[in-house]
Structure formats: structure tokens, C-alpha cells
Amino acid sequence: MSSITLQNLTKRFGTTVAVNDLSLHIEDREFVVLVGPTGAGKTTTLRCVAGLEPPDKGSVFFGSQNVTKMSPAARDVAFVFQNYALYPRKTVFENIAFPLRARGLSVSEIQARVERVAHKLHIHHLLDRRPAQLSGGEQQRAALGRAMVRTPRVFLMDEPLTNLDFQLRAQMRSELKRIQQELNITFFYVTNDQVEALSMGDRIAVLNQGVLQQVGPPQEIYEKPANLFVAAFIGSTRMNFLPCAYDADAGALVRANSFSCNKASPPPRRDPLAERRRGSPRFPAGLTTEAPLTDLWSVRVSDELRAGAQSAKDTGKLILGIRPEDVQLSVETGMGDLEGWVYVVEPLGDRNIYDVQLGSDLIKVKTPPTLILKPGARVSVRFNLARAHLFDGITERTLV
Amino acid sequence: MAEVRIERLVKIFPGGLRAVDEVNLKITDGEFLVLLGPSGCGKTTTLRCVAGLERQTSGDIWIGDRIVNALSPGERDIAFVFQFYALYPHLNAYENIAFPLRATKVPRDEIDRRVKEVADILRIHPILRKRPRSLGSGEQQRVALGRAIIRRPQVFLMDEPLTNLDAALRSDMRVELKHLQQELAATVLYVTHDQTEAMSMGHRIAIMNLGVLQQVGTPLEVYQNPATLFVARFIGNPPMNLIPVRRVGDVLEGTDSPLRLVLGSPMADPIKQRQRAVPSTSSGQVSSPWAGGHELVLGARAEDIRLTGCGNPGDLTAIVATREPLGDETLYSVALNGRLILITTDPTARFKPGDKVELHFDRSRIRVFDAATEKALI
């Protein structure tokens, strides 16, 4: 068991900088998830830690030992990939025992170790089967067993759940977390799935284009994203982003026409600033609007948001960020701050996700499943501004 | 647009595989109906029978007021959409949309008028002159949608059209497709294995397994009142918690766990009614599944179980196994005899793995299934 320290790690492929001056410390026995979109440099980072890829600059430490120049085998790490790479002709027992056989352990010692691991993973009843006779989750656990059986110093995992269906994935998330707690071993885990990151990590490190964006516990990353990228990437239903400007006379944020950010880094999903829905709003057949929707709205803001807005590079280029659960819908007009129209309702059982047209923006609102509004219904929209975020539209940094 | 009726549809493949087994289903005019199930359940075969791409072994397909069994796919007046982005790369967006009309010799100005109309609905005017490869994938999808709707078919049949998209685009396309369906008041039969897609888009969901229709209902109905254990396991993320129990008097007791759930009034009443109903059936042999000792399965959604600390005795005492923060809520699991019970709480709850907790089941929301027939009793 060991802590892991990455010090100013840089890795280039030709002219592409895959990992850019990355520093990160993982405590002994900590579960850290490195999360980011495809091409962020996560796997390259992990491969540098494993010794499969030599960094161009920087060092990797296990505890106080510099392992940067050590071979993968000498580092004593366990590496689990998304394709489990089990030997198809061997039984589960033999698959798990394989790394021990290579070390020349006694038969009884091997037997004891394999059984101990199999018990921890709840696969002791499957030891005589071959991989083809196992379900995806069982194969996954067998692969874990093979990695665990020699008690490595650290566990490195590269998207191990990607090939499982969603129910199994949910189940394996809990399982992996339980296993990590039981083994009490350092886990460094890479994924592009923000749900996996939030649910499993003691801490999350968010990576984009080779650059570390933010490191922190899940709730902190979710509630206090450091920049627009993190805000957009983390959260099951994407945060709403509304381009706006600060009107000092009114002490309010007002809707601004869309503008494009200067910085090269595009937000990960679809560009939240892209003017994806132009033109007049449309409604289901037979429904008419009483008045044309205006694209001008304004919300009066607290001292905190005002101070944040004033600290922006350009107070005309701000982005108000608000999560779907921090918007309230009501049918009584005049009660809320803004007026909109129901575009689409998505009932998900435990919640409804409403797409509401607000001017030319579509925003997502999470409500209890009991709120039922028809498409085309007119609604009042109120932002819980105490939980809103404000981003600098130029630097993409969080202001509030 | 028209309604579609599937009556006693059976499809047996050479070799004897019964892919579709006596399916009855009506899709009303203007309805978005999702046919949902795991791979191999018969949903795509059903869809292909409606499309005319597959000839059923028996049963009838109605589109509008005619039986279309003997009609070729081309004569059925349907639009079949496999995937939205199979566009012709050498044609621009305008020509891609116009393509189905070019083949039917519609006059030029009529084609132009209809392409513009479709572009208006989809808001893709600015990109009509561009070729697919210079379009973003969201724009490509909309062009593909445009090509599907320009013919004004009676019915849209869609087979997992969003499957190959990345998660963010898929969620955007769900919204766009649903909105488009509302606007056109189109009849849509949509096949998917993704329950989130089914829940979020369908007016009603028809769930199939092993060729047999399990349940048809609105998203909320199938979520809250699954008719079978299969539906309970398939719908919802996370799926419903299912715990083996037996009934002893007014108590549900865990068969292999220390769960003890004293039934309050909302639950006890329907049970008593059912007990009364059973003896009145003709056969004297019938033993009520509610009889004491009968194997039952208790079903409870993760959000219908409340967690408290130990001071507040509940239906089950357990140890927190894992805690998964998801941002807007937190998912806890407790171990119960080798299986995990999942509970969602708001993100402010602060239990830790190893904590002793009490579980409280919401009596008005729990379901009970017969373990033998796998059917819901309440």
C-alpha cells in the first residue's frame, strides 16, 4: 500500500500535449477518480503511473520512492482494463491463481489466497467455471480477483465498467467501492463517466485537454465548480447556462445575445453557449401563445452575485449557471421571476425533467414526479439565486 | 396520421424460435408508443412485422382502417427510421431532405415548398446548402429527421435511432424528437432497449420479454406499479429493490432477512379485500397467494425508503455498505443477506459506511409480487 504523487507530469505525442504539467497527490488508501471527456489525457496519465508510458517531464512517486524510471513489473501495481482479458480456456480459479503461479508459490498457499479473494468478491461459487459461462459482472469480478490476489501497492483502473449494461454498472459501482473499503488499498481510477466519478471517488480530479481543472471531494466539485468546463461536465442533467450582462443601474443580470468565448477550450458536451435554437418558439399543434415571447429578461441579484459580476473582465460577457434542481416552476404567472413555456416533459419516474423555453433559450428544470404540466403550458420560472453560479464569459472562470 | 393495431401477432422463425408470442397492441392516432425490452425480446421483430419487412406467422396488422398483412413495405405508407444520420454524403442537406420526394416525381416547386416547411419546423434553414460532413452531428440528425417527415407518412417506425450517439447528443435528440412528435401529432412506434429513453419519450411504454408483452402503460404507471417482477427489474435507474418475504398476519417478514414490515392501513386494506375475493372463485383448490407462508416479493423504489439514525425504530435495522454522492442526491446501499438494498436521499444526508441505520418503507408506495407467478398482487 502506498500513496501516489504525480509531480509536474508532462507527456507529448508528436506536437500534441496529452498531459500538461499535471501535479496530483493521492493519499495512501484513497480512492481518487480521474474524470474527463475522451482525449483528455486520463489514460495517458494512468499509463505513466503504471510505467507503460515514460513521461517527457516530471516524476511519479509511490510513497517516498521515485518510480519514474522503474519497469511496470517492478512498480508492483495492478492494472484493470475495460476488456477483462481473462484466459478463456482457464477456469476462474486458474485465472485468479495465474499471477501467483508465475511467482512460484506453494499449492496450498495459492489455494488459500485465491479462496480469500474469491470470498471478498462473492465469486467463490464460480471458481470452477470458465469465463464464457460468466455474466459480464462476474467476469469483471474475476478480472479484479486476478489483480487483487497478489496484494499490489496500488490499483490502477481504466474504465473497467464501460462494457457493462447500466444496471450492472450501477451494481458494480457499489461493489467496487465496497471492495476498495474492505481491501483498504489505494485506487486510482480513470473514467469518462461523471456518475462513476461522483459516486465512487473519495476525491475527483477533473481533466480536460491534458490540464487538471479541479480536484476535490464529489460534493464540492458538484456545488462549487472551479470553471465552466467542470460545471458543464459534472451533473447528470447538465447545468443551464444563460449568457447575460450586468446592468449596474438596475443591479440586475440581463439576457445578452449569445457570444462566443475567447478561450480555445470548448465545454465538453455540446457548447452550452452555442445558439442552438434560433427563431421564434414553436408550440404543439392547436396551442397559441398569448403574447410573443420576449428575449429580454432580467433578474435582480444579491450582493454576492453583484460583486462577482463586477469582478468580471467584461461585465457584458457573463454566464449565469444554474442546475436543473435549483429552478422552480409554477403555473401561477406573476409569482416567479421569469416567464416561459413548456417545450417537452421527460418523466423519469422519481422526477420529471422539463425543458422550458425561456426566450430563445431552452432550460432544463427538475421537478418532483407529481408536477404535471402539458407541453405548451405557460409557466413562471424562478431561479434559486442563492445556489446560482456566475462565470466570466471570457476566462470561463467561476466568479461566484 | 393513423392508428396502428397489432392483433394476436405471432412470429415463429424457421427452427422454432417463438420471437413474438400473441402480442396485442394499439397505438392510437398521434401517440408516441415505445416498445421496450432487452435484446432478443422480440421488439424489433414486432416492428419489422408492422413495417412489412418480416411476414408474421399469424395475426393481423392494421394501419388506419385497413389490414396491411399482404402489402409490401412501400405500400404501407410508413417511414422506417433505423438511425438518424445515414445521410447521402454527396448531397447537401436540402437534397437529402428532398430525396424521398424526387423518387416520387412530385413537382419541383411543391418539393421546394415542402423542404422549406420541414426546414422551418426543424429550424435548419441556415444549413440547407451544406453537405453532411460539414455539419455537426446534431445538425445531421435533424436533417435525417427532415428526410423522414417530408413524405408525411401515416406512421413512423423507429428502431433504436439514437443508439450510436454520445450521451449528451442523445439527450438533446430525445428532447427534439419528442417535441417534433408533439408538433406533428405523429403516430410513432419506437423500439429501444434503453429504459431512460422509453420513460422520457413515450406517452405509453409497452414492455416485452421473451416475445411476450409484459405491461403497457404510461411511464409513471410502469414505474410505480410494475405488473411483473421483470418490469420492476427493468424499469428505473436504480431498479426497484426486491426482497423475498412471507406474510404472517398483518406483517411481511423477510424470508432470509430480519425485515419486519407491519402493514399500516393503506396496505392492509387491499390485502383484506383480496383475501375476501379469493373464496368466491369457482375452484375450491385456489389458495390465495396472500395466505400465510406463501412466497412473496416485496418491491420498493430507492426513493420510497427513508433512512434514519438508530433512535427511530423502523422496519429494518441495517449497516450502511456504501455511500454514493450523485450531486443532486445521494445513493446509499445497505447489505441484506448478500444483496444490496439501495436508498436515495437528498444530498444533505450524512451517513457513513459502517453506520447503523433504520430503514422505513413508505407503506403507500410498496408493491408485493407473487414469487411463483412473478406477477404483482398490489
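Good morning. By a domain I mean here a segment whose bounds come from an automatic or database domain assignment. The model I am presenting is a predicted one.

For chain B, the assignment gives two entries: domain 1 covers 4-229, and domain 2 is made of 241-278 together with 292-370. Between the C-alpha centres of domain 1 and domain 2 of chain B, the separation is 39 Å.

Let me turn to how chain A meets chain B. On the chain A side, 39 residues take part, in contact with 35 residues of chain B. Several elements of chain A each supply at least two residues to this side, namely α6 (166-183), α7 (194-200), α8 (218-223) and β16 (338-347). The largest share, 8 residues, is that of α6(A). Sorted by class, the side of chain A that touches chain B holds 16 nonpolar, 14 charged and 9 polar residues.

I will close with a helix pair within chain A. How do α3(A) and α5(A) cross? The axes of helix α3, residues 92-101, and helix α5, residues 136-148, both of chain A, come within 7 Å and cross at roughly 30 degrees. Angles under 35 degrees count as roughly parallel, and α3(A) and α5(A) are therefore roughly parallel to each other. The crossing of α3(A) past α5(A) is right-handed. On the α3(A) side, the residues that meet α5(A) are V92(A), N95(A), I96(A), F98(A) and P99(A); their counterparts in α5(A) are A142(A), G145(A) and R146(A). The residues of this contact comprise 5 nonpolar, 2 polar and 1 charged.

Thank you for your attention.

Notes. Residues numbered from 1 in each chain as written. Chains lettered and ligands numbered in written order. Predicted model: local features only at pLDDT ≥ 70, side-chain atom pairs only at ≥ 80, totals over all residues. Axes fitted to C-alpha atoms, helices over the stretch in contact; angles between N-to-C directions. Helix = DSSP H or I, 4+ residues; strand = E, 2+ residues; numbered from the N terminus. Parallel < 35°, antiparallel > 145°, perpendicular 65-115°, else oblique. Left-handed = near helix turned anticlockwise from the far one by under 90°. Contact = placed C-beta atoms within 7 Å. Nonpolar A, V, L, I, M, F, W, Y, C, P; charged D, E, K, R; others polar.
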